[in-house]
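The sequence and the structure are shown first.

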Amino acid sequence: MTERCDVLVVGAGPAGSSTAHRLAAAGARVVMIDRARFPRDKPCGGGVTTRGLGLVPADITPVVERTVHRVDLRLGYDRPVLPITSDVAMVHMTQRRRLDAHLAEAAVARGVDFRDGVRLRALRHHDAGVTATTDAGDVTARVVVVADGANGAGRAALGVPEPAFAVALEGNLPRGTGGFDDRAFTDTAALVFGTVPGGYAWIFPKGDHVNLGVGGYLHEGPRLREHLDALCRAHAADPAALEAVRGYRLPIRRPGTAVAVGACVLVGDAAGLVDPFSGDGMYEAFMSSAIAAREIAAYLGGQAADLSAYPAALGTALGAHRAGAWLGKLTTERSPALTQRILTPGWVRRGIASRMCHGGTPPSAPVSTLAVAVGRAARRALGPAAA
Ligand SMILES: Cc1cc2nc3c(=O)[nH]c(=O)nc-3n(C[C@H](O)[C@H](O)[C@H](O)COP(=O)(O)OP(=O)(O)OC[C@H]3O[C@@H](n4cnc5c(N)ncnc54)[C@H](O)[C@@H]3O)c2cc1C
């Protein structure tokens with residue numbers, strides 16, 4: 001017997017739980033599966049920007065350990081600090097084990113039927129919708145939301161080509177260990193560009209520890225541990241004191257890659273939505289989830305004939321942001337000295353702070369073709385490692 005529901009959500013990370021939550025709140029019968037047993041961890045800095053927070057359908061205050069009001073930006077370990085400050089919190093620091101369990105619980109409280117420890121194996125379209133083969137039996141849904149992250153099975157099952165990948169490595173330093181002076185990292189985070197090709201190094205404050213990480217081009221993978229050790233040493237910390245060091249891939253969508261196939265939509269990392277400059281993916285996960293839920297609800301309710309509005313709406317919401325990210329990445333990589341000059345006036349950094357704090361509703365103004373062209377040109381100019 002095949003089980004039936006309105007929507008099957010595959011993957012219970014931020015993208016999946018948020019989409020499931022919104023659709024259950026709109027009255028849909030939603031089943032959500034995840035191959036992992038919850039609570040589970042996910043390699044991540046765990047920083048949710050205020051811009052992203054405005055798109056979360058649940059109150060995450062109970063799992064926020066620190067709020068960041070200051071980001072110390074540098075363009076090399078030996079360059080001066082460019083502080084970005086804000087009266088309003090810019091980033092909300094959590095741990096993914098806690099955040100994802102919290103979001104899944106909030107979705108369940110809204111009526112989502114969540115089954116952890118269940119893996120998607122295959123997807124098959126037919127007249128009645130889509131049947132998902134899982135290792136706990138078949139589920140037929142009118143719509144399937146593919147939210148299974150960078151390494152999931154949904155993208156391949158739908159024939160969607162692989163995105164480009166970046167890679168990151170992170171670890172935790174318990175406060176008071178490794179010789180690290182963590183007193184500066186209560187409501188302050190640090191970002192150091194110009195250290196890892198194609199990325200940067202970070203220090204994020206958490207409750208009982210600080211999170212240190214590095215990310216960059218995929219080909220930097222074998223050197224990431226060296227980069228992480230260099231970050232530690234630049235802050236007089238013993239690299240050997242780092243705990244729970246682990247890495248993961250960051251998927252970066254290629255232009256024109258499908259984010260909807262028939263009655264299936266891809267959200268978050270499964271759609272390759274990680275910001276190519278900041279490496280953040282949770283804002284994009286929450287944004288794609290909000291748009292996907294809106295379009296799916298319209299389809300289930302008969303106001304839309306299909307899900308074809310989703311790709312364009314996603315492009316409208318994230319297109320300008322993404323173009324700016326490629327341009328920022330190109331400028332930072334090719335000329336740290338120019339970037340230093342651009343960021344020196346206080347009003348530029350106040351603008352960045354304001355952008356990190358502004359959000360809540362998907363933008364509706366179409367992205368200009370000029371912005372899209374500039375973003376693509378910047379990506380091409382970065383060469384094959386960014387393609
Ligand atoms: C080291 C590192 C640091 C980062 N730091 C930040 C940060 O500070 N801030 C930020 O915004 N972003 C950060 N990111 C990016 C962020 O972690 C991702 O963009 C985010 O997790 C995407 O959420 P998601 O829900 O799309 O996917 P995920 O969180 O990856 O969730 C996917 C879920 O799908 C499940 N799954 C996979 N395959 C299957 C299957 N076959 N069947 C069923 N379930 C399946 C997985 O178990 C998982 O639970 C970082 C990434 C890395 C690697």
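Two strands are taken to pair if DSSP finds at least two bridges between them. The model discussed here is predicted. In it, strand E5 (residues 70–74) and E6 pair in the antiparallel sense, over four bridges. Leu-73 stands opposite Leu-82 in E6.

These strands belong to an open sheet of seven strands, ordered E6-E5-E13-E14-E15-E12-E16, with mixed pairing. At its edges lie strand E6 (82–85) and E16, each of which pairs on one side only. Neighbouring strands of the sheet are turned against each other by 20° on average, direction ignored.

Helix H5 (residues 224–234) lies across E12, strand E14 (200–205), strand E15 (209–217) and E16. Relative to E15, helix H5 runs at about 135°.

Around the ligand there are 40 residues, of which Gly-13, Gly-45, Gly-149, Gly-268 and Gly-281 come nearest. The composition of this shell by class is as follows.

| Class | Residues in the shell around the ligand |
|---|---|
| Nonpolar | 20 residues |
| Polar | 12 residues |

Among the secondary-structure elements, helix H1 (14–25), strand E2 (30–34), strand E12 (164–174), strand E16 (243–252) and helix H6 (282–300) each supply at least two residues of the shell.

Notes: Residues numbered from 1 in each chain as written. Predicted model: local features only at pLDDT ≥ 70, side-chain atom pairs only at ≥ 80, totals over all residues. Near = placed C-beta within 6 Å. Nonpolar A, V, L, I, M, F, W, Y, C, P; charged D, E, K, R; others polar. Axes fitted to C-alpha atoms, helices over the stretch in contact; angles between N-to-C directions. Contact = placed C-beta atoms within 7 Å.
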